[in-house]
Amino acid sequence: MFRKFIVFIVVISFASCYHASYNTSLGSKGALDFSQGRWVLNDATCENCDNDALEEALMGFLKDCAKDAIVDVHQERQKNLITSKIPFEPSEKELKLLHEGTDASYLITVEGKVIKSEFTGMGYENDNPLADDDNIAEVSIAFYDLKTQTQIHYINTRGSVSISKDEDDDDPDFVFAPTSYKILTKSMKKNIKKLKKNCKCK
């Protein structure tokens, strides 16, 4: 066991580390006020990833901030006639039906995407310096006023890392880089951090 640990340390000392870069974009009409009204968190949609993990991360923040004013759509379905699946970008008609069928004031939707997943996290660079291996993922969160059927807030964070061999290197290096799933998780954390700075909690 100790020998394996020493080998691992030696490998790390000769390996290169790549770090993902992140970009956050916002679209809002002011700060979110979680102290007013009831909020419903929709089912997360996730392309090539775990939607439950996204919901759990966002709900953790929302429960701390909105307290008992936040419920997930499953709880709302038990009390009200919500049968159809609500998309990440619901239409005005869908928002109106939700407003008429519940006593909720606001809807929150979340969407994750693993756009590219070409590197497993550790291994050798591609031997072709012109061929990059990319890991790209993003998370978007949207907030809707059910009474007016309008989007009142939007946030998106995209992270990416590109692994490529330097043209001057004879052989590819052994490298470490964040997986697309780690990038997805960190994108959600960055979204939540931004929301904390731009909201009013109970």
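How many salt bridges does the structure hold? The structure, which is a predicted model in which local features need pLDDT of at least 70 and side-chain atom pairs count only at pLDDT 80 or more, while totals for chains, interfaces and linings use all residues, holds four salt bridges, a salt bridge being a side-chain nitrogen of Lys or Arg within 4 Å of a carboxyl oxygen of Asp or Glu. Residues are numbered from 1 along each chain as its sequence is written, and side-chain values use heavy atoms, with hydrogens and water left out.

One of the salt bridges joins Arg 38 to Asp 103, with 2.6 Å between the closest N and O atoms. Because Arg 38 lies in the loop between β3 (32–33) and β4, and Asp 103 in the loop between α4 (92–101) and β7, the pair ties together parts that are 65 residues apart in sequence; helices (H or I, at least four residues) and strands (E, at least two) are DSSP runs, numbered from the N terminus. Arg 38 is buried, with a relative accessible area of 18%, where buried means under 20% relative accessible area, exposed over 50%, and partly exposed in between (1.4 Å probe, protein chains only).

A further salt bridge is formed by the side chains of Lys 202 and Asp 68 (3.1 Å, N to O). Lys 202 lies in the segment after β12 (199–200) and Asp 68 in the loop between α2 (51–66) and β6 (70–72), so this pair ties together parts that are 134 residues apart in sequence. Lys 202 is partly exposed, with a relative accessible area of 48%, whereas Asp 68 counts as exposed at 64% relative accessibility.

Aromatic contacts were also examined. A search of the whole structure finds six aromatic pairs, in which rings of Phe, Tyr and Trp (its six-membered ring) have centres within 6.5 Å, planes under 30 degrees apart counting as stacked, over 60 as edge-to-face and the rest as tilted. The rings of Phe 34 and Trp 39 form a tilted pair, because their centres are 4.6 Å apart and their planes stand at 50°. The pair of Trp 39 and Tyr 106, by contrast, is stacked, because the ring centres are 4.2 Å apart and the planes at 20°. Since Trp 39 lies in strand β4 (residues 39–41) and Tyr 106 in strand β7 (residues 106–117), the pair ties together parts that are 67 residues apart in sequence. Trp 39 counts as buried at 1% relative accessibility, and Tyr 106 is buried with a relative accessible area of 18%. Phe 34, Trp 39, Phe 61, Tyr 106 and Phe 143 form one aromatic cluster.
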